[in-house]
Amino acid sequence: MRFDAAVLRSYEDPFAVEEVILNAGPGEGEVLVRIAGCGMCRTDLAVRRSAGRSPLPAVLGHEGAGVVVEAGGPGRGLNPGDHVVLSFDSCGHCRSCLGAAPAYCDDFAALNLFGGRAENATRFTDAAGGTLAPRWFGQSSFAAYAMVPARNAVRVDPTLPLELLGPLGCGFLTGAGAVLNSFGAGPGDTVAVFGAGAVGLAAVMAATAAGAVVVAVDRHPERLALAEKFGAIPLPAASGDLPGRIRRLTDGGARFALDTTGSAPLINDALRSLRPRGHLGLVARLHTELPLETGSLDRGRRLSHICEGDAVPPLMIPRLTGLWQAGRFPFDQLIRTYPLSGINEAEADCETGRVVKPVLIP
């Protein structure tokens, strides 16, 4: 089977849309999906800075949504014609997966970050027969089609705007899941969100939907304006004494804080903004040591890393689409669409902050 995909051949070169070949149909427990749209996530772009740890050439993309066109075996209940959102891959049988924590799967890195399962390395090639990394985050969905494990394909209502749903499988799931799952925020709680990008704004929307009081911190006025539109109190990152201002806005400190920036000074500000026994969650991958300032982690305050919003995708994705249908999670307002051929423009706009969430339409 031949179709177009965006291939990244080196860490420095632009993406190239070219013909690729899928050399085999779906095996047991797999489905072939025609991609309707795929979000661009900063994890895709971070491959350029991965110091060779992610194998290239590869087809990236891990926020896909589309229509099942073929199922291998019973397909775990999926059939041709089903509309699905694709999320991260997991093994399904380790302690974490069996404990309803697939984001902490023992094989998460091997299945998601390093291009996919080694045994499938020859089934996905370029037009000249050169091997491509077979399955980025279980999907490689910067393409017209993706072969995915049925385990990470979540059936959704066919009346929903399928081309826009892909980011619910990762970026929006991470921000919303951190608030709804990791924190369990509810009415009367206070949540401070540091960084109003795609993940942060999803957290703002989820916290507002849960009835919490939300403060959003960012350095871009236009991002703060979006956060305010979604119910948050906006606070410029350059404000003096951020912790003090947040404590005053939240009547003694936030119960929960979410950092999406990976910035050590902001992480320390977030810790100091918490009330006693408050919880700070980090979702960004840290690439340097994190120095904690004296007194920032005391009085029962705690710090944890949150992966994929602690979500079980088949449970979380329908919850988010339900909130969207109720007008309480307007994620579509963060999206700008691009044709697959415009992937390099989408990357540039994402890196410069001109767009919150690019979605590529094959």
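Reply: Phe256 is buried, at a relative accessible area of 5% (buried means under 20%, exposed over 50%, partly exposed in between, with a 1.4 Å probe and protein chains only). The model is predicted, so local features need pLDDT of at least 70 and side-chain atom pairs count only at pLDDT 80 or more, while totals for chains, interfaces and linings use all residues. Residues are numbered from 1 along each chain as its sequence is written, and side-chain values use heavy atoms, without hydrogens and water.

There are 10 aromatic pairs, counted where ring centres of Phe, Tyr and Trp (its six-membered ring) lie within 6.5 Å, with planes under 30 degrees apart called stacked, over 60 edge-to-face and the rest tilted. One of them is the stacked pair of Phe183 and Phe256, with 4.8 Å centre to centre and 10 degrees between the planes. Because Phe183 lies in helix 4 and Phe256 in strand 13 (residues 254-259), the pair ties together parts 73 residues apart in sequence (helices are DSSP runs of H or I, at least four residues, and strands runs of E, at least two). Phe183, at 7% relative accessibility, also counts as buried.

Helix 4 (residues 171-183) has a helical partner as well: its axis and that of helix 5 (residues 198-209) come within 7 Å and cross at roughly 40 degrees, the axes being lines fitted to C-alpha atoms over the stretch in contact, with angles from 0 to 180 degrees between N-to-C directions.
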